[in-house]
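Q: I have a new structure open and could use a guide. Can we talk it through?

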Amino acid sequence: MRSGRLRDGLVLAALALYALPFFWQALTSVRPDAELLPLSHLLPSRLTAVHYEVVLRQSLMPRALLNSLGIALSSTLLAVALGALAGYALARLPVPGRGMILLGMIAATAFPQIATVSPLYLLMRALGLRDTWLALILANASFALPLVIWLLAGFIREIPRALEEAASVDGAGRLASLRFVVLPLVAPGMASAALLAFLFSWNEFLFAYSFTATEASRTVPVALALFPGVFEVPWGDIAAASLLASLPPILIVVAFQRYLVRGLLAGALRE
Amino acid sequence: MTDRRLGWLLLAPALALLGGLTIYPAVWVIWLSLQYRIPVFSISRWAGLAHYAFLAVDTRFWNAAAVTAVFTVASVALEGGLGLAMALGLRGQRHGRRAAVALLLLAWALPSVVTAKMFEWLYHPAGGLVNFLLGGRPVNWLGDPALALPALIVADVWRTTPFVALLCYARLLTIPGELYEAAEVDGAAGVQAFARITWPLVRPILLVALLFRTLDALRAFDLMFVLTGGGPAGTTETLTVYAYRALFQTLQVGFGSAIGVVVFALVMVVAVAYLRMIHRQEASV
């Protein structure tokens, strides 16, 4: 028993060591500028909040955080709403060509962004959507949608048909049974799909880098990639900005881990 | 309303969005790749297969293809080995499983731009932790043409191994303990038990995970674009970075689209292999 605890502790320590690059960035974000370059001691002599103050007061990061949050939440909502309707149709209704559509969804999850970015750019420009939230909301939602549909169709198929049939005996129509029977039961699955869609949008870089031009729509990864330095690279400020950009993913792996893992496994194994 | 009509009605919004923003662009990019399109000079005319013919003799393209191949093969191989080892280490975990999985998935969940910035700082010649731990030698990891690609691969392996580890770990948890007890009775333990029980059961999942990773490695862009920008001297310029530069920096929309189509074709070949493997596994279950 004792050796089991020791072993568990060692595995945790090894995993913490694996995450060291992240913890190092966290330490850099509170290290005084004078102790950054050259690095002479592992631990700083004192901790400072100055990098966070700079990032929050003088950089475009707060605006980028707002843009990212709004775009990620909107595109997640859009993808899950459309995905739930489509997933229900594919799981339960006699749609002709169902197999082909599902196969197309899997193929679409593999599409490389670099291949669709140029036509999408021309399309967004033609629609006058360059440098708007809407461009990224639509692009990110459509990119996440195939996986969301695939996941939700699978989760809905797991719900026993008998439950739905009992509801329609009560005179509830298809839509009512979708609303009052299926959706509540598939809520955990929707959470899994939503987390993956949110993470995709929050982390997305190529579309955001190509379609945005100003702070009006620049997202966190773009702001971080373009983080300005006047005479030298502000490593402490970049570290602080990285930490802020990491907060939603950290929240997801810590607080919503169960749903994330379920979505990841179902998505990868295509069960 | 019939169920059939309702089905189409529920599918329509999703198919409309996908049709407009995924399928249409996927077809349009092929059309674009057959044209000379340089918007700044208002050039727009038919090119036929000229871009592809040029790519066939373009040394920069073949260099990018080689970099992509090395990056993909090396990172996927390392992720497979390391991911399986991590899963085996995690399997016996009784206490602190949630914390363990959170630490594991952290690297995977971070934006790749954050990962790029983190590693840029770790590799910094004077301020980086890597050189400090090596005793203060001023190695320029990202500036040396011989070191930049390995350094990039390490960053990618760090970011994506957790995905492979998670899939293997989930599979390991479903292997009943009785199998190992029975094997022990037969005198098989340790390496033998791994070879006889664990490996045959975990192998299919590992293959699926690695095919998945191959797909992602072929289309990877963010990490190298931000960490090295394709440099030094093109030693980390993958096909995706070359395509991006052609599209948005030299503004050759037709030519850049042709490189995008090549990436597209490569990814689809792997995707078909992946689908076949899933299909075969379902058939064998």
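A: Here is a short walk through the chains, their helices and their contacts.

Q: What kind of model is this?
A: This is a predicted model.

Q: OK, chain A. How many helices and strands does it have?
A: The secondary structure of chain A comes to 14 helices and zero strands. From the N terminus on, the elements run α-α-α-α-α-α-α-α-α-α-α-α-α-α.

Q: What box do its C-alpha atoms fill?
A: Along the principal axes, the C-alpha atoms of chain A fill a box of roughly 75 × 65 × 30 Å.

Q: And what share of chain A is buried?
A: Buried residues make up 46% of the 271 residues in chain A.

Q: What about contacts between residues apart in sequence?
A: Take the contacts in chain A between residues at least 6 apart in sequence. Of these, 79% join residues at least 24 apart.

Q: Now the two chains together. How many residues of chain A are in contact with chain B?
A: On chain A, 77 residues are in contact with 79 residues of chain B.

Q: Which helix of chain A gives the most to that side?
A: Helix 13 of chain A, residues 235–255, gives the most. It puts in eleven residues.

Q: How does that side of chain A divide into nonpolar, polar and charged?
A: The side of chain A that touches chain B has 59 nonpolar residues, 13 polar and five charged.

Q: Back to helix 13 of chain A. At what angle does helix 2 of chain A pack on it?
A: Helix 2 of chain A covers residues 20–28. Its axis lies 8 Å from that of helix 13 of chain A, and the angle is about 120°.

Q: Which residues make the contact?
A: From helix 2 of chain A, they are A:Gln25, A:Ala26 and A:Thr28. From helix 13 of chain A, they are A:Trp235, A:Gly236, A:Ala239, A:Ser242 and A:Leu243. By class, that contact has four nonpolar, four polar and no charged residues.

Q: What about helix 10 of chain A and helix 13 of chain A? How do their axes cross?
A: Helix 10 of chain A is residues 187–203. Its axis and that of helix 13 of chain A come within 10 Å and cross at roughly 160°. That makes helix 10 of chain A roughly antiparallel to helix 13 of chain A. The crossing is left-handed.

Q: And which residues meet there?
A: A:Leu195, A:Leu199 and A:Trp202 of helix 10 of chain A meet A:Pro248, A:Pro249 and A:Ile252 of helix 13 of chain A. This contact has six nonpolar residues, no polar and no charged.

Q: Switching to chain B. How do strand 1 and strand 2 of chain B pair?
A: Strand 1 of chain B (residues 35–38) and strand 2 of chain B (residues 43–46) pair in the antiparallel sense, over four bridges. In one of the bridges, B:Gln35 has B:Trp46 as its partner.

Q: Last one: is helix 11 of chain B enclosed or open?
A: Nine of its eleven residues, 239–249, are buried, so helix 11 of chain B is largely enclosed by the rest of the structure. Among them are B:Tyr242, B:Tyr244 and B:Arg245. Just after this helix, B:Leu251 takes a positive phi of about 60°.

How values were computed. Residues numbered from 1 in each chain as written. Chains lettered and ligands numbered in written order. Predicted model: local features only at pLDDT ≥ 70, side-chain atom pairs only at ≥ 80, totals over all residues. Contact = placed C-beta atoms within 7 Å. Helix = DSSP H or I, 4+ residues; strand = E, 2+ residues; numbered from the N terminus. Nonpolar A, V, L, I, M, F, W, Y, C, P; charged D, E, K, R; others polar. Axes fitted to C-alpha atoms, helices over the stretch in contact; angles between N-to-C directions. Parallel < 35°, antiparallel > 145°, perpendicular 65-115°, else oblique. Left-handed = near helix turned anticlockwise from the far one by under 90°. Pairing = 2+ DSSP bridges. Buried ≥ 20, exposed ≤ 12 C-beta atoms within 10 Å, placed from the backbone.
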